[in-house]
Amino acid sequence: MYKKIISTALIVMLLFSCPSFNTLAASNNDSDVKSELTSTANYCLSILKEKLSDSENTINYDDYSKYISILQAGVSDESITTILLNHIKNNVAEDGTTEISNSGYGSYQNTYTYALLVLFLDEAGEKSTSFNNINYVKLMEDSFINDKLEDVTVYVYPIIAKVIDNHNGDLNDTPTLKDKLIEGALSLYVSDENGTGIDFYGVSVDNNSIVLSSLVKYYKDNKDVKSKVDNAISWTIEQMLPDGTFNYNLSSEYNAVNADSTGLGLKLLSIYELTEKANLAYKGLLTFKSETVKGAYTYNGEASDFASFDALYGLLEYYKLTDTSNTTSDNSSDIDDSDNVLIVTISVVAVVAILAIGAIIIRNKRK
């Protein structure tokens, strides 16, 4: 009898302490996440299509950035793809001269635009090394190598990281690009009373998500990257409320709990595979869903384009994390995912209780 009780206790302990069981028990159904991702991508597509359908609106780099994420979500529109392909043909000269960088919201260096064009062409099924007889991968590489780090916008780092990942064989000097990417991203790192992480007009959940996502491939093998990423993610988690929503920065005068920071917080946690925290952040993000506009997310209760796109960025990475068919990733952070600790603690308590009950039964039988 005692042996049976011991065996049962061991089985329970192993079952509850198994990582795959913890993830299965706590994660959201990946089909539900996919449905939410698709719905949000379709809403974002409708926003972009409305803008690009009006010829009086200027097409800019931000339009490419948004459409890349929509395409990555598995949603597309042939008319938008055609508009953007023609826009490239008409606005990038053979020597790489382009005005796309200087349209719309202001001027960003050409590196950002070239990197976005590479990713867009990749997602659209075109050859980014030869589209319209221009090698956009080379344009991006040459431009980034010549950039001064103080002139590089934070938004360029995750885009360049993705291009390096996708086009390693097409680059002339991958090591130099990687070193400059790491140097540039870490040069923005601070840790003081105002926050820990990426300082771009102040530290925020948003900034940490954007820039730290570019360092995930170097997290395991670069001690400086790992240390700073761990510290920044820990600070980011401190901005998270018990319901999974995120503050922008608790120390900032501009702080607010909002869908934008929650979506981007979800993105960061998902990329570094903090599954339990990501599950909670997903639930927090859903509290910002519009009750009247399908696929939209809200800011101050109203459907918001910005909130919806930031939600899309988070949902994209969260779906990759929860997709049971995706088993190739190994980006997991070494930060303690506290919900796992809770589950293991509960399992230990359960084992102790089973053993105690067994001891009582044995003692009573002996009497």
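A charge sits over a ring if NZ of Lys or CZ of Arg is within 6 Å of the ring centre and within 35 degrees of the ring normal. Keep that in mind for the first exercise, and remember that the model you are looking at is predicted.

**Exercise 1: charges over rings**

Find out which ring Lys-66 lies over, and at what distance from the ring centre.

*Solution.* Now try Lys-34 in the same way: its charged end sits over the ring of Tyr-319, 5.2 Å from the ring's centre.

**Exercise 2: a helix and its surroundings**

*Solution.* First, locate α10 at residues 205–212. Then go through the residues with the cut-off in hand: buried means under 20% relative accessible area. Eight of the eight residues pass, so the helix is largely enclosed by the rest of the structure. Among them are Val-205, Asp-206, Ile-210 and Leu-212. Finally, look at what does the covering: it includes α8 (156–166), α9 (174–186), β2 (195–198), α11 (223–238) and α12.

**Exercise 3: pairs of rings**

Work out how the rings of Tyr-155 and Phe-200 are arranged, then do likewise for Tyr-219 and Tyr-272.

*Solution.* The structure holds eight aromatic pairs. In the pair of Tyr-155 and Phe-200, the ring centres are 6.1 Å apart and the planes meet at 85°. Planes over 60 degrees apart count as edge-to-face, so that's what this pair is. Now place the partners: Tyr-155 is in the loop between α7 and α8, and Phe-200 in the loop between β2 and α10, so the pair ties together parts 45 residues apart in sequence. Tyr-155 is partly exposed at 29% relative accessibility, and Phe-200 is partly exposed at 24%.

On to Tyr-219 and Tyr-272: with centres 5.5 Å apart and planes at 70°, this pair is edge-to-face too. Tyr-219 sits in the loop between α10 and α11, Tyr-272 in the loop between α12 and α13, so parts 53 residues apart in sequence are tied together. Both tyrosines are buried.

**Exercise 4: positive phi**

Where are Asn-132 and Glu-273 found?

*Solution.* Asn-132 has a positive phi of about 55° although it isn't a glycine. Look in the loop between α6 (110–123) and α7 (136–146) to find Asn-132. Asn-132 is partly exposed, at 34% relative accessible area. Glu-273, also not a glycine, has a positive phi near 55°. Glu-273 belongs to the loop between α12 (259–271) and α13 (275–286).

Key. Residues numbered from 1 in each chain as written. Predicted model: local features only at pLDDT ≥ 70, side-chain atom pairs only at ≥ 80, totals over all residues. Heavy atoms only, no water. Helix = DSSP H or I, 4+ residues; strand = E, 2+ residues; numbered from the N terminus. Buried < 20%, exposed > 50% of the residue type's maximum accessible area, 1.4 Å probe, protein only. Contact = heavy atoms within 4.5 Å. Phe/Tyr/Trp six-rings, centres within 6.5 Å; stacked < 30°, edge-to-face > 60°.
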